[in-house]
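Hi everyone, thanks for coming. Today I'd like to walk you through some charged pairs, so let's bring up the picture.

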Amino acid sequence: MADIIYTYHNNVYFNITNRCTCKCVFCIRDEKETLGEAKEMWHDHNPSFEEIKAAVDAFDFAPYTEAVFCGYGEPTCSYDNLIKAAKYMREKNPHISLRLNTNGLGELYNKKPIVEELATYIDVVSISLNAPNAARYQEITRPCYENAFNDMLAFAEKAKKAFKEVKFSVVSIISEEEIAASQKLADEMGIPLRVRIYS
């Protein structure tokens with residue numbers, strides 16, 4: 001079985017699913033089989049909560065202040081286990097801040113509102129903006145939904161009101177003009193933007 005919890009650049013991450021609703025042109029899954037100190041990132045089955053719980057119990061979180069739900073898949077594609085795992089982390093490791101890295105399409109995938117419940121257990125959410133407009137978003141992110149850009153922005157608008165902290169991110173594969181346009185959009189929505197350097 002693949003690693004459920006792994007470390008990368010002195011941070012700790014949860015790899016709870018390999019399912020994803022996007023096929024981003026820059027996706028690290030197409031470049032590397034593993035990441036950080038993980039031995040294996042590709043699950044032969046979607047981990048059960050019991051398996052996630054066992055991984056939490058076996059891992060020493062004492063040196064860390066944050067844990068991030070972000071592996072080789074979109075965490076909200078395993079929504080029930082995401083909520084259960086975050087709740088269990090709250091109970092077992094209350095000193096840990098929890099962050100969700102997401103494409104923001106979890107409400108589309110799960111066909112229900114999820115922001116308020118997520119915000120009960122998750123402290124910070126980072127949403128992949130990836131592009132300044134819908135056309136470029138479809139080209140770069142290649143989601144399995146049409147008009148996904150607007151749904152992602154709607155998720156971000158809800159998240160801004162619910163979470164302690166919300167961030168947008170873009171990857172530096174887009175042009176400086178597109179980064180500037182993305183920054184303008186983020187500023188208009190009142191959400192900080194982080195530019196992730198592609199390597």
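By about how much of a helical turn are D57 and K53 separated in helix 1? They sit four residues apart in helix 1 (residues 49-58), so about one helical turn separates them. Helices here are DSSP runs of H or I with at least four residues, numbered from the N terminus.

A quick word on where this comes from: the model is predicted, so local features need pLDDT of at least 70 and side-chain atom pairs count only at pLDDT 80 or more, while totals for chains, interfaces and linings use all residues. Residues are numbered from 1 along each chain as its sequence is written, and side-chain values use heavy atoms, with hydrogens and water left out.

Back to our pair. The side chains of D57 and K53 form a salt bridge, 3.7 Å from N to O; the term means a side-chain nitrogen of Lys or Arg within 4 Å of a carboxyl oxygen of Asp or Glu.

Together, K53, D57 and K92 make up a network of salt bridges.

How accessible are they? D57 is partly exposed at 36% relative accessible area, K53 is partly exposed at 32%, and K92 is partly exposed at 40%. For the cut-offs, buried is under 20%, exposed is over 50%, and partly exposed is in between (1.4 Å probe, protein chains only).

Finally, the structure holds 11 salt bridges, including K167 with E165 at 3.8 Å between the closest N and O atoms.

Notes
Helix = DSSP H or I, 4+ residues; strand = E, 2+ residues; numbered from the N terminus.
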